[in-house]
Amino acid sequence: DCNEHTFSKFYANALAHKTLNDNPALDKIYTQWRQDTTNQESPLLKNAFLKEIALDETPWMNDAQDEQIQKRNLASVFDKDNLEEQIQRQFKVLKDNQLPDGGWGWCQGSSYSPCITNHIVAGLQKLQKLGIQLPKNFRMEKVLAKMDSTQSVRHRKATEGNVKNFCFNETDVQYLYARTLGDIDTAWLSQPYVQFFLGKAT
């Protein structure tokens with residue numbers, strides 16, 4: 001998988017894990033569905049009379065089977081132990097694919113991509129705002145410094161040329177969005193390149 005797909009899986013699993021942590025009753029229900037197969041049966045399938053009248057010849061049978069499959073699949077997705085394992089594995093892949101400068105490329109071994117880096121950082125900061133802690137060995141400061149450096153160079157090139165021809169693009173918007181999701185440092189906010197891009201955004 002590319003880094004975007006890996007992060008999307010990590011993000012979804014982290015949210016699912018938090019949902020279970022915040023709602024113990026929900027976790028209990030899903031656990032029961034996994035452990036007790038009788039609880040996964042639709043009331044329709046439990047009715048002996050309906051089974052005797054060739055239920056498989058009616059649309060009801062499909063509805064009942066769909067319900068049974070949906071409950072089984074949902075319980076499988078919200079498996080806390082499995083989620084924890086996937087979260088650890090997926091974050092390790094992201095950490096292994098992280099470039100020495102702190103950013104990410106689209107895939108392992110590819111060069112730095114402002115677009116995918118902004119996307120991942122925005123997602124990570126959203127998770128942090130929800131109270132989800134990132135692994136202790138991950139340094140957000142390093143990747144933020146790389147993002148800042150990239151935008152600073154872009155600003156310098158714009159001001160060295162004809163600023164009127166400068167194209168404020170989606171990546172610039174992504175940068176500002178990702179950067180302002182976390183704690184806003186006044187020193188960062190006062191930087192000329194930051195003011196330049198904020199001005200273009202407004």
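**Helices 8 and 9.** I started with helix 8 (residues 140-160) and helix 9 (residues 170-181) in this predicted model. They pack at an angle of about 145 degrees, and their axes lie 11 Å apart. I noted a left-handed crossing where helix 8 passes helix 9. On the helix 8 side I found Leu-144, Met-147, Asp-148, Gln-151 and Arg-154 making the contact, and on the helix 9 side Asp-172, Tyr-175, Ala-178 and Arg-179. Sorted by class, that contact holds 4 nonpolar, 1 polar and 4 charged residues.

**Second largest pocket.** Next I looked up the second largest pocket, with a volume of about 230 Å³. Its lining includes Leu-144 and Arg-179, along with Met-140, Glu-141 and Trp-188. Helix 7 (114-129), helix 8 and helix 9 are the elements that each give two or more residues to this lining. I counted 4 nonpolar, 3 polar and 5 charged residues there.

**Helices 1 and 2.** Then I went to the axes of helix 1 (residues 3-22) and helix 2 (residues 24-35), which come within 5 Å and cross at roughly 105 degrees. I therefore wrote helix 1 down as roughly perpendicular to helix 2. Thr-19, Leu-20, Asn-21 and Asp-22 of helix 1 meet Pro-24, Leu-26, Asp-27 and Tyr-30 of helix 2. That contact splits into 4 nonpolar, 2 polar and 2 charged residues.

**Largest pocket.** Last, I checked the largest pocket, at about 350 Å³. It has 14 lining residues, and Ala-14, His-17, Ile-87, Ile-132 and Gln-133 are the closest to its centre. Helix 1 turns up again here, giving the most to the lining with 5 residues.

How values were computed: Residues numbered from 1 in each chain as written. Predicted model: local features only at pLDDT ≥ 70, side-chain atom pairs only at ≥ 80, totals over all residues. Heavy atoms only, no water. Axes fitted to C-alpha atoms, helices over the stretch in contact; angles between N-to-C directions. Helix = DSSP H or I, 4+ residues; strand = E, 2+ residues; numbered from the N terminus. Parallel < 35°, antiparallel > 145°, perpendicular 65-115°, else oblique. Contact = heavy atoms within 4.5 Å. Nonpolar A, V, L, I, M, F, W, Y, C, P; charged D, E, K, R; others polar. Left-handed = near helix turned anticlockwise from the far one by under 90°. 1 Å grid on protein atoms, 1.4 Å probe; cavity = no way out; pocket = protein on both sides within 12 Å on 5 of 7 lines; lining within 4 Å. Points joined across faces, edges and corners; volume = space filled by probe spheres on them.
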